[in-house]
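Hello,

Here is the structure I promised to pass on to you.

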Amino acid sequence: MEAKLLNGTAEQYQALDEAIRTAQFVRNKCVRYWMDNKSVNKAVLYAHCKDLAKEFDFVKKLNSAARQASAERAWASISRFYTNCRNKAVKKGYPKFKKHCRSVEYKVSGWKLSGDGMSITFTDGFNAGAFALYCNGEARHHILNSKINRVRVIRRADGYYAQFCLDVERKEQGAYTGNVIGIDLGLKAFYTDQNGNPVEYPKFLRRSERRLKQHQRRLSRKFKKGAKSQSKNYHKQRKRLGKVHLKVQRQRKDWAIKQARCVVASHDVVAYEDLQVKNLVKNHHLAKSIHDAGWSQFTAWLDYYGKVWDKAVVSVPPQYTTQDCSNCGHYGSKNPIH
């Protein structure tokens with residue numbers, strides 16, 4: 001569940017920024033400690049957080065559980081690197097330092113929710129204070145009546161948000177129709193079912209590309225090469241550009257949710273292509289269109305609603321799923337001689 005943090009002063013939002021930067025500092029320090037020492041595990045990184053709090057006063061201001069959460073982020077990148085090495089992956093993903101972190105994560109302490117769920121107060125050493133929570137009634141009901149495991153504060157182009165990690169399993173009674181659908185993902189049509197019925201994609205990025213280029217040019221003109229810090233007008237324009245990107249992101253997510261919900265609600269069995277998007281985007285002529293389509297996001301929501309409504313949603317290998325001939329466009333079973 002997510003809610004926007006409103007009615008805060010400039011000093012309060014600055015305190016949230018300081019907490020986010022401190023979480024980034026702790027995460028990078030943990031990665032550096034792993035690089036410089038042997039036999040480092042998660043418990044050792046937890047202990048290192050205590051040492052950082054003793055060494056740096058600003059780190060001590062951050063809640064101890066939030067420091068541990070930052071260490072967990074560092075350990076997640078380290079363990080992923082170990083896993084890739086064991087699996088002999090081509091790209092190992094060696095842990096890197098984060099330069100632009102946008103979130104800080106609290107566990108069960110460092111924050112306090114009001115009794116009516118209308119506000120939240122951050123109680124760590126940065127003294128960010130109370131913020132109003134803006135969300136719909138259903139989300140507020142779940143926040144108040146569920147166990148909250150973690151609270152994550154995220155900075156976006158249009159403000160600050162609080163994400164609540166709830167210990168709840170969502171199950172709903174679905175309407176069973178007996179219908180079965182097979183989905184063939186593509187670019188000309190977002191997906192085509194087994195009967196050849198296409199669903200067109202709005203292409204949100206392509207539609208907003210002109211506006212994005214205008215804002216990017218304005219940002220480039222305000223950039224001063226070699227300047228230690230850019231002007232206020234530069235940062236204002238940077239936020240405007242970020243809002244345009246954020247709008248495209250939200251449009252794509254909203255469309256994917258609605259399409260996935262519609263497909264799963266009207267069918268009992270859904271089969272879709274398990275496309276390897278990482279490999280497909282290596283084609284630089286199609287990479288932008290593939291990213292704009294958001295296939296992975298769509299299939300993730302298909303899986304989610306399948307679990308919520310207890311319906312069969314399965315992924316199948318993409319080989320021989322597209323039935324349109326690349327030469328003549330004939331629809332039918334693939335035949336290499338055709």
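Below is what turned up, going from the whole chain to single residues.

**The whole chain**

Please keep in mind that this is a predicted model. The protein has 338 residues, and 40% of them count as buried. Its secondary structure comes to 10 helices and 12 strands. If you draw a box along the principal axes, the C-alpha atoms fill roughly 70 × 55 × 45 Å. Take the contacts between residues at least 6 apart in sequence: 68% of these join residues at least 24 apart.

There is also an annotation to know about. An unreviewed UniProt entry places the feature "domain: Probable transposase IS891/IS1136/IS1341" at residues 163-283. Over that stretch the chain is 47% helix and 17% strand, and its end C-alpha atoms lie 35 Å apart.

**The sheet**

In which order do the strands of the open sheet run? The order is β2-β6-β7-β1-β5-β4-β3, 7 strands in total, with antiparallel pairing. At the edges sit β2 and β3 (111-113), each of which pairs on one side only. On average, neighbouring strands here are turned by 30 degrees against each other, direction ignored.

**The nonpolar cores**

The largest nonpolar core has 35 residues, and the members that touch the most others are Ile183, Phe190, Tyr191, Trp295, Phe298 and Leu302. Which elements each supply at least two residues of this core? They are β8 (180-185), α6 (204-222), α7 (232-265), β11 (269-273), α9 (287-293) and α10 (295-308). Helix α7 gives the largest share, 9 residues.

Leaving aside neighbours within four places in sequence, Phe298 is in contact with Ile183, Leu185, Phe190, Tyr191, Ala256, Gln259 and Ala260. There is also a second, separate core of 30 residues, with Ala23, Val104, Ile148 and Ala162 among them.

**Salt bridges**

How many salt bridges does a search of the whole structure find? The search gives 14. One of them joins the side chains of Arg152 and Glu105, at 2.6 Å from N to O. Arg152 belongs to strand β6 (residues 147-156) and Glu105 to strand β2 (residues 103-106), so this pair ties together parts that are 47 residues apart in sequence.

Two other pairs deserve a visit:

- Arg170 forms a salt bridge with Glu172, where the closest N and O atoms are 2.8 Å apart. Arg170 is partly exposed at 34% relative accessibility, and Glu172 is likewise partly exposed at 34%.
- Lys258 and Asp254 meet through their side chains in a salt bridge of 3.1 Å, N to O. These two are 4 residues apart in helix α7, which means that about one helical turn separates them. Lys258 is exposed, with a relative accessible area of 53%, whereas Asp254 is partly exposed at 37%.

Finally, a stop at Asn28, which has its place in helix α1 (residues 10-36). Is Asn28 buried or exposed? The cut-off for buried is under 20% relative accessible area, and Asn28 has 14%, so Asn28 is buried. Apart from neighbours within four places in sequence, Asn28 is in contact with Phe97 and Lys98.

Happy browsing, and do write back with any questions.

Best wishes

Methods: Residues numbered from 1 in each chain as written. Predicted model: local features only at pLDDT ≥ 70, side-chain atom pairs only at ≥ 80, totals over all residues. Heavy atoms only, no water. Core = buried A, V, L, I, M, F, W, Y, C linked by side-chain atoms within 4.5 Å. Buried < 20%, exposed > 50% of the residue type's maximum accessible area, 1.4 Å probe, protein only. Contact = heavy atoms within 4.5 Å. UniProt positions renumbered as here; feature names shortened; annotations may be inferred. Salt bridge = Lys/Arg side-chain N within 4 Å of Asp/Glu carboxyl O. Pairing = 2+ DSSP bridges. Axes fitted to C-alpha atoms, helices over the stretch in contact; angles between N-to-C directions.
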